[in-house]
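I'd like to walk you through one protein model today, starting with a loop and ending with the whole chain. Have a look at it first.

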Amino acid sequence: MHLPILDELKTDATQRHLIKLPGAALANDEPRPVISVAGAKPGPVLFVNAGVHGGEYPAVEAVIRLGKTLDPKKISGTVILMPVLNLPAFRTRTPFVCPIDNVNPNRVFPGDPRGSYSEQMTHACINEFVLHADAYVDLHGGDIPEALVPFVICRAGNDEVAKKSKAIAMAFGLPYALTVSKPVQPSKGHRAGAGGLSSYAAAADKGIPAILAEAGGAGQMQQEAIELLVDGVVNVMRHLGMIDDANVEFQISKSKANKTARNAVATTVLTKFEWLYTKSTGVWYPKVAPGDAVRGGEQIGTVGDLFGDTLEEIVSPVNGVVLFLTINPSVLENGLLMGIGAE
Ligand SMILES: [Zn+2]
């Protein structure tokens with residue numbers, strides 16, 4: 001197997017690469033680390049990246065650990081790992097966007113080679129990596145001001161790619177799986193980008209089964225979240241037939257009890273994703289936590305001013321579960337407060 005942007009991959013070997021992505025806007029970038037793990041036997045190509053958002057650290061660490069832990073002798077096929085795509089955001093601790101163009105890269109897939117920095121970066125990600133893979137896993141989490149309950153997203157539909165994507169999402173093994181047919185968030189606050197899609201949707205459009213998995217957040221490196229994401233990728237490899245022996249373990253410091261408990265978690269499938277915003281600039285007081293069930297019409301938080309008066313009551317529009325929550329109290333007009341998943 002061969003990716004033009006990487007050196008020739010040797011069979012039965014883990015190789016480290018420092019790559020320059022194509023695109024004039026990216027010409028002066030620090031090289032990005034990529035790790036290839038080419039198995040002893042032939043098989044599918046799986047591309048895994050993190051760091052589309054630069055402050056989602058458990059996802060970044062999960063990719064680093066996979067690179068250190070996956071044993072090519074035990075693998076059929078090839079795993080390509082990129083710990084951080086949006087390196088400018090990682091270096092500057094910038095949440096949600098890339099600081100070079102202030103664009104959220106996960107709203108401008110599949111990108112544009114003549115567009116802004118983020119558009120060129122997402123275009124390079126799709127063309128140099130995703131299109132050479134048989135499946136794509138994009139690892140995320142809550143960004144620096146967010147907390148969440150672990151969940152996975154893929155595109156809804158009855159076509160082959162959507163079905164394969166959903167099977168990968170279920171194999172990943174997180175508590176919730178969202179299947180969505182439209183962009184989960186319109187491009188807000190900046191010009192609509194090229195394509196305007198998230199990573200998994202752009203990949204699926206191009207025929208590559210893909211998921212986006214989320215765990216951890218709040219600008220920290222939660223061990224549990226890292227292990228969920230590492231285990232999830234290994235589960236996907238097993239699902240794709242890249243690991244022959246069901247007992248092969250690549251683990252990574254964790255108690256047996258923990259693992260048994262996690263394996264027992266059934267995945268709940270959700271099909272609606274409601275994002276709630278505040279109309280007011282102020283102080284955010286959520287009354288719910290990630291994973292909480294909410295009812296339509298229930299007051300789930302308030303936004304106040306700096307005198308302590310309530311400006312706005314936030315009410316759930318649906319019966320559902322809080323999947324992610326802004327935990328930082330400072331919010332701006334039209335600021336994102338939370339995402340609620342519903343069946
Ligand atoms: Zn993210």
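So, let's begin in the loop between H2 and H3, where Arg 93 lies. Keep in mind that this is a predicted model. Is Arg 93 buried or exposed? Arg 93 has a relative accessibility of 65%, and the cut-off for exposed is over 50%, so it counts as exposed. Its backbone is worth a look too: phi of Arg 93 is near 55 degrees, a positive value in a residue that isn't glycine.

Then comes the proline. Pro 110 sits in the loop between helix H2 (87-92) and helix H3 (117-128). The peptide bond joining Phe 109 and Pro 110 is cis, with omega at about 0 degrees.

Okay, on to the helices. Two packed helices are described by the angle between their axes and the distance between the axes. Here, take H4 (residues 160-172) and H6 (residues 223-239): the axes come within 8 Å and cross at roughly 130 degrees. That angle makes H4 oblique to H6. On the H4 side, the contact is made by Ala 167, Ile 168, Ala 171 and Phe 172. H6 brings several residues, among them Leu 228, Leu 229, Gly 232 and His 239. As for handedness, H4 passes H6 in a right-handed crossing.

Now a strand residue. Val 294 is in strand E13 (residues 293-294), and at 2% relative accessibility it counts as buried. Which residues does Val 294 touch, leaving out those up to four places away in sequence? The list includes Val 288, Ile 300, Val 318, Val 322 and Ile 340. Gly 341 is 47 residues from Val 294 in sequence, yet the C-alpha to C-alpha distance is 9.9 Å.

How many disulfides does a search of the whole structure find? The search comes back with 0.

Last, the overall picture. The protein has 7 helices and 18 strands, and 57% of its 343 residues count as buried. Of contacts between residues at least 6 apart in sequence, 72% join residues at least 24 apart. The accessible surface is about 14,200 Å², with 53% belonging to carbon and sulfur atoms.

Definitions and conventions. Residues are numbered from 1 along each chain as its sequence is written. This is a predicted model: local features need pLDDT of at least 70, side-chain atom pairs count only at pLDDT 80 or more; totals for chains, interfaces and linings use all residues. Side-chain values use heavy atoms; hydrogens and water are left out. Helices (H or I, at least four residues) and strands (E, at least two) are DSSP runs, numbered from the N terminus. Buried means under 20% relative accessible area, exposed over 50%, partly exposed in between (1.4 Å probe, protein chains only). Contact means heavy atoms within 4.5 Å. Accessible areas come from the Shrake-Rupley method with a 1.4 Å probe; for residues, only the protein chains shown count as cover. A disulfide is a pair of cysteine sulfur atoms within 2.5 Å. Axes are lines fitted to C-alpha atoms, for helices over the stretch in contact, and angles run from 0 to 180 degrees between N-to-C directions. Angles under 35 degrees count as roughly parallel, over 145 as roughly antiparallel, 65 to 115 as roughly perpendicular and the rest as oblique. A crossing is left-handed if the near helix is turned anticlockwise from the far one by less than a right angle, and right-handed if clockwise.
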